[in-house]
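Please prepare a briefing on the structure shown below.

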Amino acid sequence: MTDEEVLSEFRAAGALLEGHFLLSSGRHSAHYLQCARVLMSPDRAGRLAVALAAKLPRELRGKIDKVVSPAMGGLIIGHEMGRALNVDAIFVERPTGTFELRRGFSIEPGEKVLMVEDVVTTGLSSREAIKAIEDEGGKVVALACLVDRTGGEIEFDVPFEPLVSLTFPTYAEDELPEDLAALPAVKPGSRKAA
């Protein structure tokens, strides 16, 4: 799937939004990708997962024992990646602020894990989820995501495989362009404002 084909999936789902958005990082943007909307269609989610799985190097695909994703945003794409790779898919969640396995999920010592996210922006959640997987004895062999919004500025200790990389400018509160500052800020993400 080309970058344009991926973006057209987002547009068709009404998931590529334009306006003034306050991101969970605290920065502002004129664009927002609502992955939950693009993943609400099982057919579309499946197509995107198959395309993402196809981007993984063949030798890496053959090593994956399990897919783990962080709740909430990674649940659907993680499940669909498990289907595309024909392995189990589980998730970590933050009931007390730190990622952990619950619901009877487990990772066997040395089990090779593909960590899957919807969007990676700062890498913080990804690093926290990877740590939780490693604390359980898993070996994270790669991080995959639908959308890389890091701008190439974030490095991970494992291979990073995004389906598409997008760089929309973001701004601190005190550096907003005039046209963006004129619009009310909307917080569309999954985290509450601080």
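Is E128 buried, partly exposed or exposed? E128 is partly exposed, with a relative accessible area of 31%, where buried means under 20% relative accessible area, exposed over 50% and partly exposed in between (1.4 Å probe, protein chains only). This is a predicted model, in which local features need pLDDT of at least 70 and side-chain atom pairs count only at pLDDT 80 or more, while totals for chains, interfaces and linings use all residues. Residues are numbered from 1 along each chain as its sequence is written, and side-chain values use heavy atoms, with hydrogens and water left out.

- Helices (H or I, at least four residues) and strands (E, at least two) are DSSP runs, numbered from the N terminus.
- Strand β6 covers residues 112-120, and seven of its nine residues are buried.
- Strand β3 (residues 66-70) runs parallel to β6, and three bridges join the two; strands count as paired if DSSP finds at least two bridges between them.
- V68 has M115 in β6 as its bridge partner.
- With strand β7 (residues 139-148), β6 forms a parallel pairing over eight bridges.
- In that pairing, V120 is opposite D148 of β7.
- Between β6 and β7 the chain passes through helix α6 (residues 124-135), and this β-α-β crossover is right-handed. Right-handed means that, with the strands pointing away from the viewer, the path from the first strand over the helix to the second runs clockwise.

**The open three-stranded sheet**

- The strand order of this open sheet is β1-β2-β9, and the pairing is antiparallel.
- β1 (16-22) and β9 (170-171) are the edge strands, each pairing on one side only.
- Two bridges connect strand β2 (residues 28-33) with β9 in the antiparallel sense.
- H28 lies opposite Y171 of β9.

**Helix α3**

- The 14 residues of α3 should span 20 Å at 1.5 Å a residue, and the end C-alpha atoms are 20 Å apart, which agrees. The expected span is 1.5 Å times one less than the number of residues.
- Buried residues in α3 are R44, A45, G46, L48, A49, A51, L52 and A53.
- The cover over these buried residues includes α1 (3-12), α2 (35-38), α4 (58-61), α5 (75-85), β7 and β8.

**Buried charged residues**

- R44 belongs to helix α3 (residues 42-55) and is buried, with a relative accessible area of 14%.
- Beyond its neighbours within four places in sequence, R44 is in contact (heavy atoms within 4.5 Å) with E9, A12, A13 and V38.
- E161 sits in strand β8 (residues 160-165).
- E161 is buried but has no salt bridge, and the nearest side chain of opposite charge, K55, is 6.2 Å away. For charge, Lys and Arg count as positive and Asp and Glu as negative; His and the chain ends are not counted.
- Leaving out residues up to four places away in sequence, E161 touches L52, K55, L56, P57, L143, A144 and C145.

**Salt bridges**

- A salt bridge is a side-chain nitrogen of Lys or Arg within 4 Å of a carboxyl oxygen of Asp or Glu, and by this rule there are nine salt bridges.
- E93 and R103 form a salt bridge with an N to O distance of 2.7 Å. E93 lies in strand β4 (residues 88-93) and R103 in the loop between β5 (100-101) and β6, so the pair ties together parts ten residues apart in sequence.
- Within this pair, E93 is buried at a relative accessible area of 11%, whereas R103 is exposed at 60%.
- The salt bridge between E128 and R94 has its closest N and O atoms 2.4 Å apart. It links distant parts of the chain, with E128 in helix α6 and R94 in the loop between β4 and β5, 34 residues apart.
- R94 is partly exposed, at 32% relative accessibility.
- D135 and K131 also form a salt bridge, with the closest N and O atoms 2.8 Å apart. The two are separated by about one helical turn because they are four residues apart in helix α6.
- D135 is exposed, with a relative accessible area of 55%, and K131 is partly exposed, with 49%.
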